[in-house]
Amino acid sequence: MKRIVLVGNGCGVLEKERGNEIDAFDGVIRLGTYKIEGFEKYVGKKTDFCITAHWKLDMDRLKTTKTFITFPVFNSYYDEVTIDRIRGEIVSSITDEQRLNIIYFMTRADADSIVTSYKELGNVRIDLNGINPSLGYRALRIVLNHFSDCEIYTYGFDFFKTGWYWKESHNRNIKNRHPYSYERAIHSLLIKSGRIKEL
């Protein structure tokens, strides 16, 4: 693959009909509980990969979609033992067909590197032990690590300024501890540095 697009779930995708443009990418990566039906003209039809949290894993979707599985990065709650247990529970509860579609299971080392990535901004004034990077930001970091030889685009990353494009009422919850303003700033920094492009 040469060009990939990570399609976010923000309502911003409804501003332009870019479905065909998205489907023309070599790889299309979607997030979490994304919806396509009824939104094809905005988000396209094609899905090559899904990046989702382990508790939102769609077993039916796993039958057909290559999937990266993540977990929240709340402090040290998810240690290696817990991660191994969750991985084992998932793997033992699915079919061989589904198992083949699990491309990657996030590790504690991934989580730690995602948290420290906020230091790219320089003077970070948040407690890095007390944050929980959003699924979108975790996905972005996974894409940067696993598709580093590709031209990477993002689309629909509203960073909690809106809800989901299929559920406008969904929005940030302070209990989630997502540092959305920092994530938005890092996203802009990645675009300025040329590491990613925005569709």
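I began with cysteines and searched the whole structure for disulfides, taking a disulfide as a pair of cysteine sulfur atoms within 2.5 Å, and the search found 0. For Cys11, which is in no disulfide, I noted that the nearest cysteine sulfur is that of Cys50, 19 Å away. Cys150 is likewise in no disulfide, with the sulfur of Cys50 again the nearest, at 18 Å. I then looked up accessibility, where buried means under 20% relative accessible area, exposed over 50% and partly exposed in between, with a 1.4 Å probe and protein chains only. Cys11 counts as buried at 14%, and Cys150 counts as buried at 12%.

Before going on I wrote down that this is a predicted model, in which local features need pLDDT of at least 70 and side-chain atom pairs count only at pLDDT 80 or more, while totals for chains, interfaces and linings use all residues. Residues are numbered from 1 along each chain as its sequence is written, and side-chain values use heavy atoms, with hydrogens and water left out.

Next came aromatic rings. I counted rings of Phe, Tyr and Trp (its six-membered ring) as a pair if their centres lie within 6.5 Å, with planes under 30 degrees apart called stacked, over 60 edge-to-face and the rest tilted; the structure holds 9 such pairs. Phe39 lies in the loop between β2 (27-31) and α2 (40-43) and Tyr165 in the loop between β6 (151-155) and α8 (180-192), so the pair ties together parts 126 residues apart in sequence. Ring pairs also link Phe39, Trp164, Tyr165 and Trp166 into a cluster, and Tyr165 counts as buried at 5% relative accessibility.

I turned then to Asp110, asking which side chain of opposite charge is nearest to this residue. Asp110 is buried yet has no salt bridge, and the nearest such side chain, Arg87, is 7.6 Å away; a salt bridge here is a side-chain nitrogen of Lys or Arg within 4 Å of a carboxyl oxygen of Asp or Glu. I did find that a polar atom of the Asp110 side chain lies 2.9 Å from the backbone nitrogen of Thr107.

My last entry is Lys66, which counts as partly exposed at 33% relative accessibility. Leaving aside neighbours within four places in sequence, Lys66 is in contact (heavy atoms within 4.5 Å) with Asp48, Phe49, Cys50, Leu100, Asn101 and Ile103.

Methods: Lys and Arg count as positive and Asp and Glu as negative; His and the chain ends are not counted. A polar contact is a pair of N or O atoms within 3.5 Å; within protein, one must be able to donate a hydrogen and the other to accept it, and residues adjacent in sequence count only if both atoms are side-chain atoms. Helices (H or I, at least four residues) and strands (E, at least two) are DSSP runs, numbered from the N terminus.
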